[in-house]
Amino acid sequence: MTQAQTNFIIDHIVDKMTLFLIQDFSLSIPEALNVIYNSETYRLINDKENGLYIQSPSYLYELLKKEYLTATVN
């Protein structure tokens with residue numbers, strides 16, 4: 001897979017996770033993107049070695065949501 005293809009997939013994941021955060025938590029687009037780009041989940045998605053980026057956006061969102069809810073509670 002080329003770098004461009006990988007970046008396209010990751011961008012698609014970010015788009016979907018942004019929409020999910022907006023729907024579930026009534027965040028604005030900038031707030032949702034801030035949550036994503038500053039998350040451990042996003043760091044893991046960008047780690048090409050683990051292949052997490054090939055998982056579905058819904059699955060990855062569940063990881064992000066757990067992280068977000070844990071951070072929000074603490």
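Before I go on, a word on the model. It is a predicted one, where local features need pLDDT of at least 70 and side-chain atom pairs count only at pLDDT 80 or more, while totals for chains, interfaces and linings use all residues. Residues are numbered from 1 along each chain as its sequence is written, and side-chain values use heavy atoms, with hydrogens and water left out.

So, the overall picture. The chain has four helices and zero strands, and from the N terminus on the order is α-α-α-α. Helices (H or I, at least four residues) and strands (E, at least two) are DSSP runs, numbered from the N terminus.

How does the radius of gyration compare with that of a compact globule? A compact globule of 74 residues would be near 11 Å, and the chain has 12 Å, which agrees. That radius is taken over C-alpha atoms, and the globule rule is 2.2 Å times the number of residues to the power 0.38. Along its principal axes, the C-alpha trace spans about 35 × 20 × 20 Å.

Buried residues make up 32% of the 74. Buried means under 20% relative accessible area, exposed over 50%, and partly exposed in between (1.4 Å probe, protein chains only).

Then contacts, meaning heavy atoms within 4.5 Å. Taking contacts between residues at least 6 apart in sequence, 60% join residues at least 24 apart.

Now for the rings. There are three aromatic pairs in the structure. What is the geometry of Phe-20 and Tyr-61? Their ring centres are 5.0 Å apart and the planes sit at 50°, so this pair is tilted. It also links distant parts of the chain: Phe-20 is in helix H1 (residues 3-25) and Tyr-61 in helix H4 (residues 57-73), 41 residues apart. Both Phe-20 and Tyr-61 are buried.

Another pair is Tyr-37 with Tyr-42: centres 4.9 Å apart, planes at 85°, so edge-to-face. Here are the cut-offs: rings of Phe, Tyr and Trp (its six-membered ring) pair if their centres lie within 6.5 Å, and planes under 30 degrees apart count as stacked, over 60 as edge-to-face and the rest as tilted. Tyr-37 counts as partly exposed, at 43% relative accessibility.

Let's walk through the loops. Between H1 and H2 we find Ser-26. Most residues other than glycine have a negative phi. Ser-26, though not a glycine, has a positive phi of about 55°. Is Ser-26 buried or exposed? Exposed, with a relative accessible area of 65%.

Next along is Ser-39, in the loop between helix H2 (29-37) and H3. This serine is buried, at 7% relative accessible area. Beyond residues up to four places away in sequence, Ser-39 touches Leu-64 and Glu-67.

The loop between H3 and H4 holds Lys-48, which is partly exposed at 33% relative accessibility. What does Lys-48 touch, not counting residues up to four places away in sequence? Gln-3, Thr-6, Ile-10 and Tyr-53. For Thr-6, the C-alpha atom is 8.5 Å from that of Lys-48, although the two are 42 residues apart along the chain.

Gly-51 sits in the loop between helix H3 (40-45) and H4 too, and at 18% relative accessibility Gly-51 counts as buried.

Thr-18 is in helix H1 and counts as buried at 8% relative accessibility. Leaving aside neighbours within four places in sequence, Thr-18 is in contact with Ala-32, Leu-33 and Ile-36.

Lys-65 is in helix H4, partly exposed at 23% relative accessibility. With neighbours within four places left out again, Lys-65 is in contact with Asp-24 and Phe-25. That's my tour, thanks!
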